[in-house]
Amino acid sequence: MNIEQIYTGCLAQGAYYIESEGEAAIIDPLRESAPYLKKVEKEGAKIKYVFETHFHADFVSGHVDLAEKSGATIVYGPNANPKYDVHQAQDGEEFKLGKITIKALHTPGHTMESTTYLLIDEAGKEHAIFSGDTLFIGDVGRPDLAQKGSMTQEDLAGMLYDSLRTKIMTLPDDVIVYPAHGAGSACGKNMSKETHDLLGNQKKNNYALRADMTKEEFIKEVTDGLLPPPQYFAQNVAMNKSGAVGLDKVLEKGNVPLDVETFEAMANHEGALVLDTRHQKDFIKGHIPNSIFIGIDGSFAPWVGALIPDLQQPIIFLAPEGREEEVVTRLSRVGYDNTLGYLKGGMEAWKSAGKEIQDMESISAEEFASQYKSGGLHVMDVRKPGEFEAEHVEDAESIPLDFISEQMDKIDENKTYHIHCAGGYRSVIASSILKSRGFHKLVDIAGGYKAIKETDIPTTNFVCPTTLK
């Protein structure tokens with residue numbers, strides 16, 4: 001028996017490869033099928049099943065394409081009913097994989113179709129669970145994503161309470177928990193950085209599995225402090241229900257080099273958004289007017305999903321040399337399939353063609369401290385509300401990047417804003433968005449709050465947040 005967690009850090013997502021006696025299963029695959037197909041070829045195995053724990057909201061799964069290319073059967077739990085052929089498992093149904101067994105445990109609450117898969121080893125021992133978004137390390141799935149009609153998040157939280165206590169907490173303490181996500185995902189609010197753990201440890205340490213917790217207490221704690229989900233979540237669910245096209249077609253359209261004139265024409269006449277995926281320092285030094293910065297080396301796909309509202313938005317992009325296909329792939333993971341190409345030669349080609357270039361004012365935390373002492377600065381903190389509440393520069397204004405488009409009315413184009421995040425990535429994203437909307441009196445603080453803390457700028461006393469909102 002072989003179990004391999006395939007973890008993608010930028011999405012904080014765990015897919016799984018399970019193999020026994022040459023028969024393999026993939027659980028919650030990403031959009032691209034090639035890595036899984038190469039894996040089974042290397043191992044001399046054949047994919048028998050593709051298990052989906054639920055309709056994912058934070059990424060587009062490649063299960064349909066993978067099943068078509070491998071001949072595998074797609075398995076969902078009860079209540080799924082997608083628009084393509086699947087085996088819809090019954091609660092308790094067992095699937096043989098070589099000498100091991102995968103048992104479907106219907107665990108509604110995060111969504112109605114949420115299903116945990118229990119792996120029973122060759123000796124008949126309950127070995128591990130693949131819990132999807134039902135149980136995380138340190139947290140449980142948010143219960144507000146599948147509200148329909150009269151069904152509320154409190155109703156779903158109640159179902160989640162029952163699922164955890166009747167299906168999961170009854171399992172042995174030495175069962176390994178393999179969740180679909182870790183820290184950084186918006187599918188929970190207090191996840192650990194660990195990507196797996198023993199169930200016994202979770203029973204001791206996970207607030208939601210407290211033995212003496214009543215259902216009413218659970219509902220209150222799980223729903224407290226939930227921010228609205230990112231706007232792309234519902235659109236990704238729809239794509240996963242209908243079945244997305246294969247990545248091959250997306251790459252064929254999007255991984256295309258464009259000369260300067262074609263690139264500029266697409267931006268000016270076809271409504272294409274110019275996305276700059278280089279490092280923030282390069283963007284600050286010089287960028288194409290009205291381009292939006294979201295660097296490939298940060299939490300790229302989730303920020304694209306949170307900040308670009310239309311999945312059909314035509315996108316053209318700049319990328320670090322040699323990483324163009326990576327950009328298209330990572331955009332497709334969250335449903336942005338309308339990428340039309342990249343600027344061949346990057347900013348050097350743009351400069352050589354004599355095109356307009358803009359830069360961004362950026363100062364060190366030390367210089368910011370010096371200016372701050374003179375008074376009258378407008379400090380914009382674009383970190384998450386929980387980060388701001390824990391500690392912030394005195395008199396700073398909280399404008400979380402996640403919801404910056406909804407808070408434009410709070411920003412005065414006649415004021416100069418000194419903008420910071422935690423380390424310098426999100427503040428440049430925010431500044432690029434504001435510049436594209438006509439706000440030009442912006443000063444980025446390099447190094448963010450981490451660097452500011454090393455100066456003598458007055459900050460509020462630290463308050464440990466109960467949840468990372």
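User: Which residues line the largest cavity?

Analyst: This is a predicted model, where local features need pLDDT of at least 70, side-chain atom pairs count only at pLDDT 80 or more, and totals for chains, interfaces and linings use all residues. Residues are numbered from 1 along each chain as its sequence is written, and side-chain values use heavy atoms, with hydrogens and water left out. A cavity is a set of points on a 1 Å grid over the protein atoms alone where a 1.4 Å probe fits but cannot get out, and lining residues have an atom within 4 Å of a point. The largest cavity is lined by His 287, Asn 290, Ser 291, Gln 358, Ser 432, Lys 435, Ser 436 and His 440.

User: How much space lies in the largest cavity?

Analyst: A volume is the space filled by probe spheres set on the points, which are joined across faces, edges and corners. The count comes to 1 cavity of 30 Å³ or more. The largest cavity holds about 30 Å³.

User: Which residue in strand 15 is the bridge partner of Leu 275?

Analyst: Strand 14 (residues 273-276) pairs with strand 15 in the parallel sense over 2 bridges. The partner of Leu 275 is Ile 292.

Definitions and conventions. Pairing = 2+ DSSP bridges. Helix = DSSP H or I, 4+ residues; strand = E, 2+ residues; numbered from the N terminus. 1 Å grid on protein atoms, 1.4 Å probe; cavity = no way out; pocket = protein on both sides within 12 Å on 5 of 7 lines; lining within 4 Å.
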